[in-house]
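Please examine the sequence and the three-dimensional structure shown here before reading on.

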Amino acid sequence: MIDTVAWVLPRPSKTKYPGSFPLYFEQKLLREIGLPKDANILQPFGGMAEIGTRMDIQKTLTLSDGRIIPLHPDVVGDAHHLPFADNSFDLVLLDPPYDDEQSKQLYHTGHIKLRFKEYAAEAVRVTKLGGHIAVYHWLATPALLGCVLVKRIFIETRTWHRLRCVHIHQKDPVAAARKLGLDRDHNAAINILNRGLQQVGLCQPELNASGELAMAGSQKEESVHAKSEDN
Ligand SMILES: C[S@@+](CC[C@H](N)C(=O)[O-])C[C@H]1O[C@@H](n2cnc3c(N)ncnc32)[C@H](O)[C@@H]1O
């Protein structure tokens, strides 16, 4: 049974940033996961979030009334291609625009189509083994390759407003393979994770001594991918 909790949090100040986290959310999330304040945290869709390394595709946001909000991101870049090494962060917190319409209307970032599988796989790649990936959304988001879902948080901020749903995954390829009913060793599980990242073009293929893809082409593996995406 996945640990599931509900929080009622105050809405962010209207003058803050469109779509920003409810008050106290980030601090509570760290406590919930058991991370210290100095943990290495990345927010690829950073906006005006408060903790960790904030990356955003833009430096400023122009509101519909013409006001320009400076975001001061630590890194400017696209969450589908993170400029960080594999296994770098204790927590990657994803808070993307929730659909293409919102991306276009609210953030003027509609020229970049959001591809969940790609930005989620990038988040997994840069998370340390044993680290966490939290996805904050108004939809229940799917399982992440090489990870296990460890917690769900539902958040209410006000009436007539969609609940937010935070899925917290732990990067643990061995446990993920075991959960799929596979009796695999550590290297095999890591290979499954790498092959998944490779499929969305985010990881160099691992070649064996004969220059072939490690574990390439096995029927069993294809079914692993199919199964993990259905979860
Ligand atoms: C929902 S807001 C994040 C709000 C943030 N959690 C806060 O508390 O302020 C989504 C952010 O993602 C940014 N964004 C949109 N597409 C992006 C992309 N492809 N890569 C990185 N950032 C992107 C937008 O500019 C916007 O600031």
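In which strand does Val 76 lie? Val 76 belongs to strand S6, where helices (H or I, at least four residues) and strands (E, at least two) are DSSP runs, numbered from the N terminus. The model is a predicted one, in which local features need pLDDT of at least 70, side-chain atom pairs count only at pLDDT 80 or more, and totals for chains, interfaces and linings use all residues. Residues are numbered from 1 along each chain as its sequence is written.

Val 76 counts as partly exposed because it has 13 C-beta neighbours inside 10 Å. On this scale a residue is buried if 20 or more other C-beta atoms lie within 10 Å of its own, exposed if 12 or fewer, and partly exposed in between, with C-beta atoms placed from the backbone. Leaving aside neighbours within four places in sequence, Val 76 is in contact with Asp 56 and Lys 59; a contact requires that the C-beta atoms of two residues, placed from the backbone, lie within 7 Å. The C-alpha atoms of Val 76 and Gln 58 are 6.3 Å apart, although 18 residues separate the two in sequence.

The sheet comes next. Eight strands form an open, mixed sheet in the order S1-S9-S10-S8-S7-S2-S3-S6, two strands being paired if DSSP finds at least two bridges between them. Strand S1 (3-8) and strand S6 (75-76) stand at the edges with a single partner strand each, so one side of each has no neighbour in the sheet. Strands of a sheet pair through backbone hydrogen bonds, either parallel or antiparallel. Strand S7 (residues 89-94) and strand S8 (residues 127-137) run parallel and are joined by five bridges. Within this pair, Val 92 stands opposite Ile 133 in S8. The chain as a whole comes to six helices and ten strands.

Of the 231 residues of the chain, 31% count as buried.

Most residues other than glycine have a negative phi. Tyr 24, in the loop between S1 and helix H1 (25-33), has a positive phi of about 70°. Trp 160, in the loop between strand S9 (147-156) and strand S10 (164-171), has a positive phi of about 55°. Trp 160 counts as exposed because it has 4 C-beta neighbours inside 10 Å.

Finally, the ligand has 22 residues around it, of which Gly 19, Ser 20, Phe 45, Gly 47 and Ala 79 come nearest; a residue is near a molecule if its C-beta atom, placed from the backbone, lies within 6 Å of it.
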